[in-house]
Amino acid sequence: MGQIKKAYLAEIEARAAGLPCLLGVTHYYERSPDYASRDSDLDYYGFVEVEWELLDRRGNPASWLMKKVSADEMGLLEDVLIERMRNDKA
């Protein structure tokens, strides 16, 4: 039997460790800044929650590729993902 693919909120094209891949977004929430709020710096400045998986070009989880990606590159991939999600939302 074929493998059941996971449904993602978005699949964003990217490059990880120099290889083409997809970023499968499983959760995305953006809280806009509320400058009237004094309860929390997160509420005051706003924040983004994002969860995602690194996928190969066919949309399959790529744990082998995750091992090749540095922590710095993971941060850059997440920045690209957030920017694309914001642009798609606008």
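## Strands and the sheet

Two strands are said to pair if DSSP finds at least two bridges between them. Helices (H or I, at least four residues) and strands (E, at least two) are themselves DSSP runs, numbered from the N terminus. By these criteria, strand 2 and strand 3 run antiparallel and are joined by 9 bridges. Strand 1 and strand 2 also run antiparallel, and 7 bridges join them.

The structure described here is a predicted model, in which local features need pLDDT of at least 70 and side-chain atom pairs count only at pLDDT 80 or more, while totals for chains, interfaces and linings use all residues. Residues are numbered from 1 along each chain as its sequence is written, and side-chain values use heavy atoms, with hydrogens and water left out.

Taken together, 3 strands form an open sheet in the order 1-2-3, with antiparallel pairing. Strand 1 (10-16) and strand 3 are the edge strands, each of which pairs on one side only. On average, neighbouring strands of the sheet are turned by 40 degrees against each other, direction ignored. Such angles run from 0 to 180 degrees between N-to-C directions, and the axes are lines fitted to C-alpha atoms, for helices over the stretch in contact.

## Partners within the sheet

E11 stands opposite G24 in strand 2. L22 stands opposite L55 in strand 3, and V25 has W52 in strand 3 as its bridge partner. In a regular strand the side chains alternate between the two faces of the sheet.

The hairpin of strand 1 and strand 2 has 2 residues between the strands, and A17 takes a positive phi near 55 degrees there. In the segment before strand 1 lies A7. The C-alpha atoms of A7 and T26 are separated by 8.0 Å, although the two residues are 19 residues apart along the chain. A7 is exposed, with a relative accessible area of 72%; on this scale buried means under 20%, exposed over 50%, and partly exposed in between (1.4 Å probe, protein chains only).

Helix 3 (residues 71-89) lies across strand 1, strand 2 and strand 3, and runs at about 145 degrees to strand 1. One of the residues in question is L81, which touches I12, L23, V25, V50 and W52, not counting residues up to four places away in sequence. Contact here means heavy atoms within 4.5 Å.

A nonpolar core is a set of buried Ala, Val, Leu, Ile, Met, Phe, Trp, Tyr and Cys residues joined through side-chain atoms within 4.5 Å. The largest such core has 18 residues, of which L23, V25, L54 and L81 touch the most other members. Strand 1, strand 2, strand 3 and helix 3 each supply at least two residues of this core.

## Aromatic pairs

Rings of Phe, Tyr and Trp (its six-membered ring) pair if their centres lie within 6.5 Å; planes under 30 degrees apart count as stacked, over 60 as edge-to-face and the rest as tilted. The whole structure contains 3 aromatic pairs. Y29 and F47 form a tilted pair, because their ring centres are 5.9 Å apart and their planes stand at 50 degrees. Since Y29 lies in strand 2 (residues 19-31) and F47 in strand 3 (residues 47-55), the pair ties together parts that are 18 residues apart in sequence. Y29 is partly exposed at 36% relative accessible area, and F47 is partly exposed at 23%.

The pair of Y35 and Y44 is edge-to-face, with 5.2 Å centre to centre and 80 degrees between the planes. Y35 is exposed, at 52%, whereas Y44 is partly exposed, at 26%. Y35, Y44 and Y45 form one aromatic cluster.

## Salt bridges

A salt bridge is a side-chain nitrogen of Lys or Arg within 4 Å of a carboxyl oxygen of Asp or Glu. The structure holds 2 salt bridges. In one of them, the side chains of E30 and R86 meet at 2.9 Å, N to O. This pair links distant parts of the chain, with E30 in strand 2 and R86 in helix 3, 56 residues apart. E30 is partly exposed at 25% relative accessibility, and R86 is partly exposed at 40%.

The side chains of R31 and D43 also meet in a salt bridge, at 3.9 Å, N to O. R31 belongs to strand 2 and D43 to helix 1 (residues 41-45), so the pair ties together parts that are 12 residues apart in sequence. R31 is partly exposed, at 30%, and D43 is partly exposed, at 22%.
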